[in-house]
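I opened this model to look up a few surface and backbone features. My notes follow.

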Amino acid sequence: PTLTDAEIEDLLLQVIGWQVKEVVGVKRLERVFKFKNFVEAIAFTDKIAVIAEEQGHHPLIITEWGRVTVQWWTHKIKGLHRNDFIMSAKTDEIFA
């Protein structure tokens, strides 16, 4: 099921740096990660792709020079699910 606003607020406390962004009425988790150069940004993007493929859950990733923007949400429910927060935490682990 789609998370309630109260559940989202509680879970946001566990994924520091992520924010909720609404696009065409659909809530998404978003975070921008900064890097020294494009090669580091691409390497990070590739690591996210591996976990996304393993989990069968794919984010929107925008890779630019020195930064990568990641958005997680669940397409099937057109909103946020607990798994989006899990994948956000896994993304943070890769970044660390």
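This is a predicted model: local features need pLDDT of at least 70, side-chain atom pairs count only at pLDDT 80 or more; totals for chains, interfaces and linings use all residues.

I then checked Trp65. It sits in the loop between strand S3 (60-64) and strand S4 (67-72). Is Trp65 buried or exposed? I find a relative accessible area of 62% for Trp65, so it counts as exposed, the cut-off being over 50%.

**Positive phi.** Next I looked up backbone angles. Val24 has a positive phi of about 50 degrees, although it is not a glycine. I place Val24 in the loop between S1 and strand S2 (26-34). Its relative accessibility is 81%, so Val24 is exposed.

Lys78 is also on my list. Its phi is near 55 degrees, a positive value in a residue other than glycine. Lys78 belongs to the loop between S4 and helix H3 (82-95). I read a relative accessible area of 61% for Lys78, so I note it as exposed.

I turned to Val23, which is in strand S1 (residues 19-23). Val23 has a relative accessible area of 25%.

What separation do the C-alpha atoms of Val23 and Gly79 have? I get 10.0 Å. Along the chain, Val23 and Gly79 are 56 residues apart.

Terms used. Residues are numbered from 1 along each chain as its sequence is written. Side-chain values use heavy atoms; hydrogens and water are left out. Helices (H or I, at least four residues) and strands (E, at least two) are DSSP runs, numbered from the N terminus. Buried means under 20% relative accessible area, exposed over 50%, partly exposed in between (1.4 Å probe, protein chains only).
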